[in-house]
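Hi,

Here is the structure I promised to pass on to you.

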Amino acid sequence: MKHLKLTLLLVTSIAFSASYAQTADEIISKHLDAIGGVDAWRKVTSIREEGTLIAQGAEVTIVRTVLHQKGSRQDISLAGMNGYSIITPVAGWNFMPFQGQTAPEPLTDEDIKEGQPELDAQDELVDYIEKGSSVELVGKDDVDGTECFKLVLTFKSGKTESLFLDPKSYHIIRQVAKQKANGQEMEITTNLSNYQKLPEGIVLAMSISLPFGELNVKKVEVNKPIDEAIFKLSK
């Protein structure tokens, strides 16, 4: 009888583990369906978003341009000054004149490695295994009164991101990512809302709440031609 109990415990443990993993897969599948479906996202080869960030009373214009797995660029306009951040598979630069920079500065090898997920124009959970990422369901957590599923996404680079999904909509309503700033690691919490479906069939959050302000996306262009020259350092 003792051996039978041990066997039952072992089988129960294995079944529970399999169920837990399957639940994570089901959550991801429902999330992808909720944002337009895998097929629609796989067709995304480029994306360009324009938005306005209100931070400490100042209005900041941000344009994000991504050519899938080839280049990512963010253009930032503030108080008459224009800055940018560029990353490619092998290089990257930052130029932030409003932070005192007088010339573009190259990213470190570590920054380039950690920044590779920015080259993904598709949703980060689309074909995540093929991208070298892994996902773990770690339970549930409260987000402003909503008990959300909590997934931990680990990118190929080793960088991690916690994703909190609303159990009703299966939209990601909060992301917590670890980033380095001034040589120190810090957590950045982003709240996502106002999801809207685009003509291409994909669904995006148009309101993004950051620790330092609220970003509202005004315009999104999908699969428009992108000149790769914008991902090169200007002479």
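Lys 70 counts as partly exposed, at 46% relative accessibility; here buried means under 20% relative accessible area, exposed over 50%, and partly exposed in between, with a 1.4 Å probe and protein chains only. Its side chain meets that of Glu 228 in a salt bridge, at 3.8 Å from N to O, where a salt bridge is a side-chain nitrogen of Lys or Arg within 4 Å of a carboxyl oxygen of Asp or Glu. Lys 70 lies in the loop between strand 2 and strand 3 (71-78) and Glu 228 in the segment after strand 13, so the pair ties together parts that are 158 residues apart in sequence. Glu 228 is partly exposed as well, at 42% relative accessibility.

Before the rest, some housekeeping. This is a predicted model, in which local features need pLDDT of at least 70 and side-chain atom pairs count only at pLDDT 80 or more, while totals for chains, interfaces and linings use all residues. Residues are numbered from 1 along each chain as its sequence is written, and side-chain values use heavy atoms, with hydrogens and water left out. Helices (H or I, at least four residues) and strands (E, at least two) are DSSP runs, numbered from the N terminus.

More on the salt bridges

The structure holds nine salt bridges. Another of them joins Glu 221 and Arg 48, with 3.8 Å between N and O. This pair links distant parts of the chain, since Glu 221 is in strand 13 (residues 213-222) and Arg 48 in strand 1 (residues 46-55), 173 residues apart. Glu 221 is partly exposed at 22% relative accessibility, and Arg 48 is partly exposed with a relative accessible area of 26%. Both residues belong to a network of salt bridges that also links Glu 50 and Lys 219.

The closest N and O atoms of Glu 49 and Arg 64 are 2.5 Å apart. Glu 49 is buried, with a relative accessible area of 14%, whereas Arg 64 counts as partly exposed at 25% relative accessibility.

Aromatic pairs

How many aromatic pairs does a search of the whole structure find? The search finds two. Rings of Phe, Tyr and Trp (its six-membered ring) pair if their centres lie within 6.5 Å; planes under 30 degrees apart count as stacked, over 60 as edge-to-face and the rest as tilted.

Tyr 84 and Phe 95 make a tilted pair, with 5.7 Å from centre to centre and 55° between the planes. Tyr 84 lies in strand 4 (residues 81-87) and Phe 95 in strand 5 (residues 92-95), so this pair ties together parts that are 11 residues apart in sequence. Tyr 84 is buried at a relative accessible area of 10%, and Phe 95 is buried at 17%.

For Phe 149 and Tyr 170, the ring centres are 6.0 Å apart and the planes are at 20°, so the pair is stacked. Phe 149 is in strand 8 (residues 146-154), and Tyr 170 is in the loop between strand 9 (160-165) and strand 10 (172-181), 21 residues apart. Phe 149 and Tyr 170 are buried.

Tyr 84 has a charged neighbour too: Arg 73 lies over the face of its ring, at 4.7 Å from the ring centre. A charge sits over a ring if NZ of Lys or CZ of Arg is within 6 Å of the ring centre and within 35 degrees of the ring normal.

The strands around Phe 95

Strand 4 and strand 5 pair in the antiparallel sense over four bridges; two strands pair if DSSP finds at least two bridges between them. A hairpin of four residues joins strand 4 to strand 5. Ser 85 has Asn 94 in strand 5 as its bridge partner, and Asn 94 also stands opposite Glu 105 in strand 6. Strand 5 and strand 6 (residues 105-106) run antiparallel and are joined by two bridges.

His 31

Is His 31 buried or exposed? At 1% relative accessibility, His 31 counts as buried. His 31 is placed in helix 1 (residues 2-34), and its side chain reaches the backbone oxygen of Tyr 170 at 2.9 Å. Leaving out residues up to four places away in sequence, His 31 touches Asp 123, Leu 125, Leu 165, Tyr 170, His 171 and Ile 172, where contact means heavy atoms within 4.5 Å.

Best wishes

Note on methods:
A polar contact is a pair of N or O atoms within 3.5 Å; within protein, one must be able to donate a hydrogen and the other to accept it, and residues adjacent in sequence count only if both atoms are side-chain atoms.
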